[in-house]
Amino acid sequence: MQISLTVNGHDHTLDVPENTLLVDVIREHLKLTGTHVGCDTSQCGACTVHLDGRGVKSCTVLAAQVDGSNVTTIEGIGSTENLHPMQQAFRDCHALQCGFCTPGMIMSAIDLVENVGVQTNQEVREGLEGNICRCTGYHNIVQAVLQVARAGTDQTQEN
Amino acid sequence: MYQFNYHKPTSVEEAQALFKAVEDGMFLAGGQTLIPTLKQRLAAPTDVIDLSGIAELSGIEVRDDRVSVGAFTRHADVADSAEIRRVLPVLSALAGQIGDGQVRNRGTLGGSVANSDPAADYPAAVVALGATVYTASRSISADDYFKDLFETALEPGEILSRIEFQCPTRAAYRKFPNPASRYATVGVLVADFSGDIRVGVTGAGPCAFRATALEEVLREQLSVEAVETVEVPDAGFNSDLHASAEYRAHLVKVMTKRAVADLLKA
Ligand SMILES: Cc1cc2nc3c(=O)[nH]c(=O)nc-3n(C[C@H](O)[C@H](O)[C@H](O)COP(=O)(O)OP(=O)(O)OC[C@H]3O[C@@H](n4cnc5c(N)ncnc54)[C@H](O)[C@@H]3O)c2cc1C
Ligand code: FES
Ligand code: FES
């Protein structure tokens with residue numbers, strides 16, 4: 001079947017089998033391999049992307065369901081020269097070791113700061129319940145998210 | 001995942017006609033249960049009928065002491081709805097505890113209640129808030145809706161269109177979440193309708209039910225101590241690697257006490 005998607009600002013029209021997952025369109029068809037598949041059973045969040053601005057597990061969405069939607073992947077938020085503030089915060093706080101969970105963590109973290117408005121350690125931990133990391137132990141990830149969340153508030157306070 | 005045909009009807013009528021016309025159809029809502037099921041090949045429909053294009057399944061409406069929520073309303077929208085928070089805050093709080101943020105951004109009320117997973121959260125609200133489940137052709141009262149493990153009063157091909165909840169004077173929901181999935185090992189919703197108490201339990205048995213013995217005692221005296229006097233037998237309760245039936249019976253009391261304590265604080 002034919003589907004149309006806007007991915008990271010670019011329009012794509014693709015011909016895919018009906019049972020194609022969104023994550024497979026992203027990785028196999030568009031070759032955007034920053035989005036990872038960790039579990040393929042809706043548990044780990046490594047495949048998190050933004051669908052019309054909100055975090056979803058792209059291994060648990062059919063491409064057919066999101067025909068006409070706007071998708072943002074980790075490749076769409078910043079570049080090596082110009083990191084997104086969340087990417088910069090993960091770097092500053094040493095919030096990754098192997099990096100496998102990181103694209104999903106960052107996409108969830110951006111949704112949490114921009115749409116949920118997390119401010120406290122507890123809120124960030126609860127907000128990241130859908131993302132599993134097997135190596136950093138979460139502490140530095142939470143610090144990175146709080147750094148961005150609080151920078152947002154500090155700026156408003158200063159202005 | 002096996003290959004299937006995909007359809008996206010724009011009305012309930014069209015969806016039901018499709019269901020009749022195809023060999024082995026299944027409805028798809030948020031996909032947070034169905035897609036993992038298809039991947040594990042536990043279901044192999046010839047045709048998947050996506051309900052996301054049907055406008056009449058959406059919408060939140062508050063009328064007097066009732067809230068009607070469309071089947072296709074996502075968990076995150078129930079959690080964030082200013083209207084529901086105002087008249088039925090317990091439902092928003094419950095929806096905000098389902099799974100994780102990504103699951104809440106996709107999963108829907110209708111999908112959860114049609115599926116009737118024994119550990120799902122919404123069914124506790126359906127029974128405790130005296131809800132009415134609407135389909136295109138009829139209404140089903142909460143007390144008649146949940147039948148058994150993954151079994152409800154819905155007929156094959158019948159689409160759940162909306163659920164109407166009654167707003168209690170005050171209510172509270174407490175669950176003991178499975179630490180990995182957040183599904184309710186046991187969840188209890190206690191609702192006070194001007195002295196008439198309803199207690200909805202999920203996670204403990206094959207499907208959600210009202211704990212009538214607890215309701216009777218709490219109608220006499222709405223207190224944490226009153227819960228202590230009730231025996232909760234574990235006959236027929238679920239037993240799995242997460243919790244034995246005996247432990248679930250214990251949790252029913254503990255979660256009821258916590259919910260009553262919250263309700264009295266509110
Ligand atoms: C990691 C994870 C954690 C979760 N944690 C929880 C939790 O803590 N608590 C909880 O309650 N749930 C939890 N869930 C389940 C989640 O809430 C699902 O969204 C929900 O059970 C199904 O809703 P859905 O819209 O995704 O339905 P789908 O998966 O699309 O459909 C589920 C079933 O319902 C049928 N169906 C859907 N809509 C209708 C309708 N309108 N009429 C008739 N039949 C219909 C479908 O045919 C299918 O059989 C979790 C899921 C995941 C993946
Ligand atoms: S790969 Fe999608 S949740 Fe793990
Ligand atoms: S950094 Fe290795 S899994 Fe998270």
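Where chain A meets chain B, 26 residues of chain A and 25 residues of chain B take part in the contact, contact meaning heavy atoms within 4.5 Å. This is a predicted model, in which local features need pLDDT of at least 70 and side-chain atom pairs count only at pLDDT 80 or more, while totals for chains, interfaces and linings use all residues. Residues are numbered from 1 along each chain as its sequence is written, chains are lettered from A and ligands numbered from 1 in the order in which they are written, and side-chain values use heavy atoms, with hydrogens and water left out.

The two chains bury about 2,000 Å² between them, and 50% of this area is on carbon and sulfur atoms. Buried area is the accessible area, taken with a 1.4 Å probe, that two parts lose on being put together, summed over both. The interface of chain A and chain B also holds three salt bridges. A salt bridge is a side-chain nitrogen of Lys or Arg within 4 Å of a carboxyl oxygen of Asp or Glu. Side chains of opposite charge can pair when their charged atoms come close. A:Lys57 and B:Asp100 form a salt bridge, with their closest N and O atoms 2.7 Å apart.

Between chain A and chain B there are 14 residue pairs in polar contact, both residues being at pLDDT 80 or more. A polar contact is a pair of N or O atoms within 3.5 Å; within protein, one must be able to donate a hydrogen and the other to accept it, and residues adjacent in sequence count only if both atoms are side-chain atoms. Three elements of chain A, namely β3 (48–51), β4 (54–57) and α3 (102–116), each supply at least two residues of the side that touches chain B. Helices (H or I, at least four residues) and strands (E, at least two) are DSSP runs, numbered from the N terminus. The largest share of that side of chain A, four residues, comes from β4(A). By class, the side of chain A that touches chain B has ten nonpolar, ten polar and six charged residues. Here Ala, Val, Leu, Ile, Met, Phe, Trp, Tyr, Cys and Pro count as nonpolar, Asp, Glu, Lys and Arg as charged, and the others, Gly among them, as polar.

Chain A itself is assigned domain 1 (2–76) and domain 2 (85–156), the bounds coming from an automatic or database domain assignment. The centres of these two domains of chain A, taken over C-alpha atoms, are 22 Å apart. In domain 1 of chain A, 18 residues are in contact with 15 residues of domain 2 of chain A. The two domains of chain A bury about 1,200 Å² between them, 59% of it on carbon and sulfur atoms.

One salt bridge is counted between domain 1 and domain 2 of chain A. The side chains of A:Arg54 and A:Asp111 meet in a salt bridge, at 2.9 Å from N to O. A:Asp111 lies in helix α3 of chain A and A:Arg54 in strand β4 of chain A, so the pair ties together parts that are 57 residues apart in sequence. Across this domain interface of chain A there are eight residue pairs in polar contact, both at pLDDT 80 or more. On the side of domain 1 of chain A that touches domain 2 of chain A, β3 and β4 of chain A are the elements that give two or more residues. The residues of that side divide into five nonpolar, eleven polar and two charged.

Chain B is divided into domain 1 (5–53) and domain 2 (58–265). Their centres, taken over C-alpha atoms, are separated by 26 Å. The contact takes eleven residues from domain 1 of chain B and 15 residues from domain 2 of chain B. About 1,000 Å² is buried between the two domains of chain B, with carbon and sulfur atoms giving 70%. Zero salt bridges are found across this interface of chain B, and one residue pair is in polar contact, both residues at pLDDT 80 or more. Helix α1 (residues 12–21) of chain B gives the most to the side of domain 1 of chain B that touches domain 2 of chain B, with four residues. That side of domain 1 of chain B has six nonpolar, five polar and no charged residues.
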